[in-house]
Each structure stands twice: as structure tokens, then as C-alpha cells.
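Trainee: I'm new to this structure and would like to zoom in on one part of it. Could you walk me through a single loop closely, and then show me how it fits with the rest?

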Amino acid sequence: MSLKEILLSLLVVALLAACASMGTPDGGPYDEDPPVFVGGTPLPNATGVTDGKVVINFNENIRLENAFDKVVISPPQIEQPQIKYSGKHITVQLYDSLLPNTTYSIDFNDAIVDNNEGNPLENFAYVFSTGTTVDTLAVSGTVLNAEDLEPIKGIMVGLHSSMSDTAFTKKPFDRVSRTDSRGRFSIKGLAPGKYRVYALADANGNYFYDQKSETVAFMDTEVSPSAVRAMRADTIWRDSITVDTVRMVEYTRNLPDDIVLRAFKEPFYTQYLVKYPREEHTNFTLYFAAPNSELPRVEGLNFDATDAYILEPNTTMDTLRYWFKDTTVYYKDTLAVAVTYSVLDSLQQPVPRTDTLYISSKKSREAVIKAEAEKFEKEEKRFIKKARRLPGYDENNPPVYIPPTKELPIYTTASSLMDFNKEVEFSFKEPLASYDVSMIHLASVVDSTLTPIPFVFEPNSKSIRAYNLYAEWRPGEKYMLTIDSAAFKGLYGGVSKLYEQEMTYHELDDYAVLYLTIPHTGNDAVVQLMQGDKITSTARTEGNKCAFYFIKPGKYSLRLFMDRNGNDKWDTGSYEDNIQPEEVYYYPRMLDLRALFEYEQDD
């Protein structure tokens, strides 16, 4: 063979090799189809079933995602069923004895997906009956959080055929479902009849309401499921964005399908003392797990507690701070205290409980005195060092160092630009021993001329360490607030310094005004003006009307609740007392409020 023939042969071999390896096959088009059910044992909708083992077959390998959370078996199973998958099969083993003449449904929701791409088989349920018929009725609806109307995902919804109020608290549900991410539920396999509907965040998995810490919802009336023939639009898509055909098709509509359950937690608590820190020698704080209806009794075991402290409670009396007035008491490193407060016994009746506490400070009194002495010595040395540099310094007769008076800081809401509907508030780190109103000066400022104006300075009812300053503020005007040195003296020796603040109040034209007419509310509604989750202002309706003034420009939403008991706050419900949570409503549109404008909404 000549060289030319050899080269030609090699070229042909190379071309054949190149043609054989032009690319790796991509496996065909991407699989977007969910698994397809092909059969099972017992057969779907089978009757007379006596075996609790169910095998379900599909056309391809599958897997289950979050089966514990997504798969719901009805009637509910007290003993946890076994749910397994392998290859193209799912096996469900029910360990509870099968009930006679009962329709069983295994609702997988979207837990079944194909093994490779994870395409879910939506709303797949397997149904069979131990009786002679399969019950096919269903009810559906939505579960919302009663306080903010947000949908609740994953909460159990159940039915009782018993009309007794105690069924929900004593017996497992007859049939159950679970809400999806939109709060939607559907309870299937129902026989004709009347049912009570409930929602339950079942913490202990017993399918009835026996813990008041569980979130619940209930309907005031029973439901009677039914089915009717109805029409609905069926859309056929040419591709993912193009509609091919929209046609009307007949289907079976199960009613009711618009149930709304408003879920809530009952006002239940177990009262106990959570902690009792003593951050400083001068005070300690008692933190309770829940509000107190009356103040606890505090008895000193190694000191006389009579008139020994000033009490600072919060509004619900679950946080109580005790400020000691007697130095012989707060100099003690450990205080022995007996605290008596009310708790509920097993019958939910109030009984007294006494806790003996040994309350120690973070630092011992000895350590505090040592630190103060070291600080004094360091500052004294610095003072003498500076004094030596001054003319006339006499080494034999050096000046005496006098430490500065302990400063009592003034915390205030006063600022250079004030909102017109805000008063000036003051607060202090410790209770005041005294204050002198004559050392507080308020003046209007016009062309640098100060004209004193009247004001009122008084304690704030919400805190013993807070005070308010009231005056007849005028829009657009400038004021000067001056507080002389030593106007405020703290309980532990602190003295305030000179304080000055120039303030200008916004013009009325800087705000918007909103008037609302809300039909059918009378004087019972509380309306909240909100930005995001923050409540910026609150108003109560009077004769179906309310108004918001001095609104800063911006976008707002409106929320309303029906204040049935007139306490100006949203109240939860009570199953035991058959009380639903107070109704909450949202205005469907955002409000874009601008300065200089008055808005009136009546739709």
C-alpha cells in the first residue's frame, strides 16, 4: 500500500470516529409530567375492605416529600400509620382497627413526586370503604389567623357528627384534613348529615382540644354537606403562555365550599415567677410569666420591708421593679425575700403561693466600694498633676480634690423639629427624690426675643420615672426649653445639669387629614392607621365615623376591629365560653396621603 493510500485510509477512520462522537445524548426532552396512578390494592373506591394495608402503584419511580406533614388519613389514626415508598409503589399500613361502615381517605396533597425531576402529583387522594358504599360528600374552606387574617398553613381541620360541645374536648375527630400554604382545606369522604367544624393546632397528636395553649377555631353553627352539578371554565393551554381554548365543563360542586374559620389562642397562662435579677444594689425586678390581677406581697426575711422601697409596676403587673430607699437595705449583698402571689390550682381556682428568694447583686458591696475608691484616687492624681502646672502651687498646701456631683441624665423627646400631636416627655434612670418646677423655663421665640409661656409639668401615669410637659403649642412657632442645673435630684444622689433645647413645631400644612365613614360600626369599632406592621395612630368610631389628624405624608393601610367589650384592644376568643375572637377587617386598598390634603373615605 502506497503512502497516499495509507494517509487516505487514516483520514477515513478519523472522519468515522469524529462522526461517532459528535456529542453526548441529552436524554430527550425534560420530563414535566407528574407520576400517573395505574392501580392499587384494594382498588380505589372499593367497598367491604377488611385489611388495613394499602398498596398504590404508579407508572414511574416516585418518592414522598414531607409525608409526616402532608399526608392526612381520615378518620384520624390514634396509632401512627406506617407510610413507605419503593420504586413505583407506596405502601400504607393502618394499625388502628378499621371502623365498620366507614369511608377511609388517604389524602397525599402534593407529597407524591416523580423520582427524577420532582414533578408533584397534585391533590391525590386514595379512598375505600369498609361498608357497602363510599361516601363522596366534602366540605372546604379557609383557616385564617383571627388577629391579622393571615392564612394558617398546616393546621388540622376536623369534623364531629356529635353536636355536643364536649365532643371537641373529649373525643378524636370523625374526619380530618390539613390546610395548604394558602390556608385552604377540604374534608372528603363525608356521609350526609350534620357536622360541627373545628380547626386545631394539635400539639400532642390526640385529635381533640385538651390544651389551652393550642390554637383553635370553631363555627357557631353546624354544616350539612351536599353536592350539586355546576359549570366552570376549563382552560386548555397551547403552551406555557398561550391559551388555546376556554370551555365550560360540568362538574360536581361540594357544598359548603366557603367555610371561614378564624383561629386563636385562648387567654390561658400558668403563673409563676420567671426570674428576679438584681442588676444594681439599688433595685431588683420580679418577672412573672403572666399578668397579676393584684400586686404580690413582698416580705423581707433579713430586712424590714416596711416602707423600704418604691414600687415601679408595668401596666399588667407582670414586671415589678423595687427601688430601695434605705441605704442599709441596698448595701446588703444578698436580700432574703418571701414573695406571695396568686396561682391557679388544678380546678382553675386562685390560691396563694409563696416563693422564698435569695437575691444577690452582680457585684458585692465590697467590690463596688473598692472600685469607687480606685476611681477617686485616679481622678485625684490627675487633679493634682494639673494643679502643679498652675502658678502659685504650694507643695506644702496643695488644693483639695472634690469629686464632681454624680450626674443624673435627662432623657427627653424634645427635639429641634417636633410633631404637632406629640407632647414633650422626660424620663430618668432612677426615681426622683425631688424636682423644682420653678427651675423649668419655656418661652416662645420670635426674632430672637424670648417670651415666657405657661406650661404644666406632671408625672406620667404609666411610669414613676417618667414625666410630661404640656403647653399650648402653635404650628410653625419656635420655642426654647431651659432647665436649670439641679432641677432634678435622683433618689441615689444624682443631680441634673443645665439643659437647653430649641424646638420648632411642624406647620399644619405639613400634615394630611383623613376622615372615614364606616357603615354598620356605630361606636364599637377601633380603626388603626398603619405603615407596614407598625400602628401609627388609632381612632374609635363615633356614629360610624372617625378621623385622623396630623398624619405624616406617606402610604398607609387601614385595619379595623370590632371592640365588643369596649376596652380599646383586640381580644381573643374562648371555646369554653363560646366567644369568638373580635372581628378584624382590612381596607382593601393602600392610601397615599399627602401634605396639605384632606381625604374622605366612605367606600
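Mentor: Let's go to the loop between S30 and S31, where Ser 448 lies. Keep in mind that this is a predicted model. Ser 448 has a phi near 65°, a positive value in a residue other than glycine. Asp 447 is found in that loop between S30 and strand S31 (449-452) too, and its phi is also positive, at about 50°, although Asp 447 is not a glycine.

Now step back from the loop into the protein. The largest nonpolar core has 26 residues, and Val 424, Phe 426, Leu 469, Trp 473, Leu 481, Phe 488 and Met 503 are the ones that touch the most other members. Strand S30 (440-446) supplies at least two residues of this core, and so do strand S28 (424-427), strand S33 (466-470), strand S34 (478-483) and strand S36 (499-505). Take Phe 426 as an example: leaving aside residues up to four places away in sequence, Phe 426 touches Ile 410, Tyr 411, Thr 412, Phe 457, Arg 465, Ala 466, Tyr 467, Leu 469, Leu 481 and Ile 483. There is also a second, separate core of 22 residues, with Phe 288, Val 329, Val 343 and Leu 357 among them.

From packed side chains, let's move on to open space. The second largest pocket holds about 1200 Å³ of space. Its lining is made of 34 residues, and those nearest the centre are Glu 280, Thr 282, Val 368, Glu 372 and Lys 406. Strand S20 (283-288), strand S23 (319-324) and helix H5 (365-388) each give two or more residues to that lining, and H5 gives the most, with 9 residues. By class, the pocket lining has 14 nonpolar, 6 polar and 14 charged residues.

The elements giving two or more residues to its lining are strand S4 (72-74), strand S7 (103-109), strand S12 (175-178) and strand S13 (184-190). Those lining residues divide into 3 nonpolar, 4 polar and 3 charged.

Where does a cis bond turn up here? One joins Thr 41 and Pro 42, with omega about -5°, and Pro 42 lies in the loop between strand S1 (37-41) and strand S2 (53-58). Another runs from Leu 255 to Pro 256, with omega near -5°; Pro 256 lies in the loop between strand S17 (243-255) and strand S18 (259-263).

Finally, a word on confidence. The chain averages a pLDDT of 90, and 95% of the residues score at least 70. Over residues 1-27, though, the pLDDT is below 50, and this stretch has 2 contacts in the model beyond near neighbours in sequence.

Conventions
Residues are numbered from 1 along each chain as its sequence is written. This is a predicted model: local features need pLDDT of at least 70, side-chain atom pairs count only at pLDDT 80 or more; totals for chains, interfaces and linings use all residues. Side-chain values use heavy atoms; hydrogens and water are left out. On a 1 Å grid over the protein atoms alone, a cavity is a set of points where a 1.4 Å probe fits but cannot get out, and a pocket is an open set with protein on both sides within 12 Å along at least five of seven lines; lining residues have an atom within 4 Å of a point. Grid points are joined across faces, edges and corners, and a volume is the space filled by probe spheres set on the points. Helices (H or I, at least four residues) and strands (E, at least two) are DSSP runs, numbered from the N terminus. Ala, Val, Leu, Ile, Met, Phe, Trp, Tyr, Cys and Pro count as nonpolar, Asp, Glu, Lys and Arg as charged, and the others, Gly among them, as polar. A nonpolar core is a set of buried Ala, Val, Leu, Ile, Met, Phe, Trp, Tyr and Cys residues joined through side-chain atoms within 4.5 Å. Buried means under 20% relative accessible area, exposed over 50%, partly exposed in between (1.4 Å probe, protein chains only). Contact means heavy atoms within 4.5 Å. pLDDT is the predictor's confidence in each residue, from 0 to 100.
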